[in-house]
Amino acid sequence: MKKFDVGVIGATGMVGQRFLLLLENHPWFNVVCLAASASSAGKKYGDAVKRWHMTEPLPEKFKDMVVMDASADKQTIAKTVDFCFCAVNMPKEQIRGLEYEYAKLECPIVSNNSAHRFTDDVPMIIPEVNAEHLSVIPAQKKRLGTKRGFIAVKSNCSLQSYVPLLHPLKKFGVKCAAVTTYQAISGAGKTFETMPEICDNVIPYIGGEEQKSEAEPLKIWGEINDGKIVPAASPVITAQCLRVPVTDGHTAACFVSFENKPSKEEILQAWKDFSGEPQKLKLPSAPLNFIHYFSEDDRPQPKLDRNCERGMAVCAGRLREDNLFDYKFIGFSHNTLRGAAGGAVLLAELLAAKGYLD
């Protein structure tokens, strides 16, 4: 695989910082450009970062890299890189416009943002689940009038804790599902120092999260028709999303009913056997085993299991029959690795392996 020169837009934020840790020694991707808001532009990255949120130290190779202005320097950045990761903290309409501008400058964008998740010719990818949706990209490029430029996005971080577990079970006819997610404070870009109100507390509301958790899976499971992704009509999903005092890792309590109820053994076997394109292609960031099931009653746990397969696996446990639904189980994923920057890096690896970044 050739080396790609990449940029990180939104490099000073929490997800941007995670990107840099993941890309520090990446075998395919070489970071040549860091971009952020005008207030950070012109500063060395080590000076521009007001607070380093990661437990690992800031990589030395990035400390003296001068931060560019993500808006004012778009043309220079687009000419410098093969593609960019994007994780900015801006109003949604501004993000949408910014990502379009980069794409039209022939700079592919791999986005961690939500602005384009429901643009019908922008693929929203969980690489193991719906890699085939990348085939909509030529239609998007035709609409944009570009040769190389396009936008691909990853889904909301909370989805990673239950959608990958429901996906292998679709062969049994998933009829409906109810999910409650218990989401870490890093999902809000916070630490315990910057979010003291979460200590000894649970906040039963995360703005917009429940709508995303109910609607995004249907686009992921949708079909491409006439150059557009048409969301699936089912299953019906209802969600509640809570912020809990956990640093990293989203937990999901999921309840599911089927058209053709499988046995517990059939569900466990479906999870054990499941793998996707990243595993077949042996992508650098792909977990060897995508789904890990724990038989212990008290697993998975964020503190014990967030770094399973470098934080890129999805964990499950406590599968059992339910009195109202057919089954219930616990799901878990690392929200800033599998759910955010790591998922975007894996998506970029998939795009590279499939030739979309050439």
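Mentor: Asp-120 is partly exposed, with a relative accessible area of 32%, where buried means under 20%, exposed over 50% and partly exposed in between, with a 1.4 Å probe and protein chains only. This is a predicted model, in which local features need pLDDT of at least 70 and side-chain atom pairs count only at pLDDT 80 or more, while totals for chains, interfaces and linings use all residues. Residues are numbered from 1 along each chain as its sequence is written, and side-chain values use heavy atoms, with hydrogens and water left out.

Trainee: Which residues does Asp-120 touch, not counting residues up to four places away in sequence?

Mentor: Asp-120 sits in the loop between β5 and β6, strands being DSSP runs of E with at least two residues and helices runs of H or I with at least four, numbered from the N terminus. Contact means heavy atoms within 4.5 Å. With residues up to four places away in sequence set aside, Asp-120 touches Val-136, Lys-228 and Ile-229.

Trainee: Which residue of β7 is the bridge partner of Ile-109?

Mentor: Two strands pair if DSSP finds at least two bridges between them, and β5 (residues 109-111) pairs with β7 in the parallel sense over three bridges. On β7 (residues 151-154), Ala-152 and Lys-154 point one way while Ile-151 and Val-153 point the other, and all are buried. The partner of Ile-109 in β7 is Ile-151.

Trainee: Which are the edge strands of the open sheet of six strands?

Mentor: The order of this open sheet is β11-β8-β12-β15-β14-β13, with mixed pairing. Each edge strand pairs on one side only, and the two are β11 (236-243) and β13 (291-294).

Trainee: What is the bridge partner of Ala-316 in β15?

Mentor: Strands β14 (residues 314-321) and β15 (residues 327-333) run antiparallel and are joined by five bridges. In β15, Ala-316 has as its bridge partner Gly-331.

Trainee: At about what angle to β14 does helix α10 run?

Mentor: Angles run from 0 to 180 degrees between N-to-C directions, and axes are lines fitted to C-alpha atoms, for helices over the stretch in contact. Helix α9 (residues 209-220) lies across β8 (174-183) and β11, at about 145 degrees to β11. Helix α10 (residues 264-273) lies across β12 (250-258), β13, β14 and β15, and its angle to β14 is about 175 degrees.
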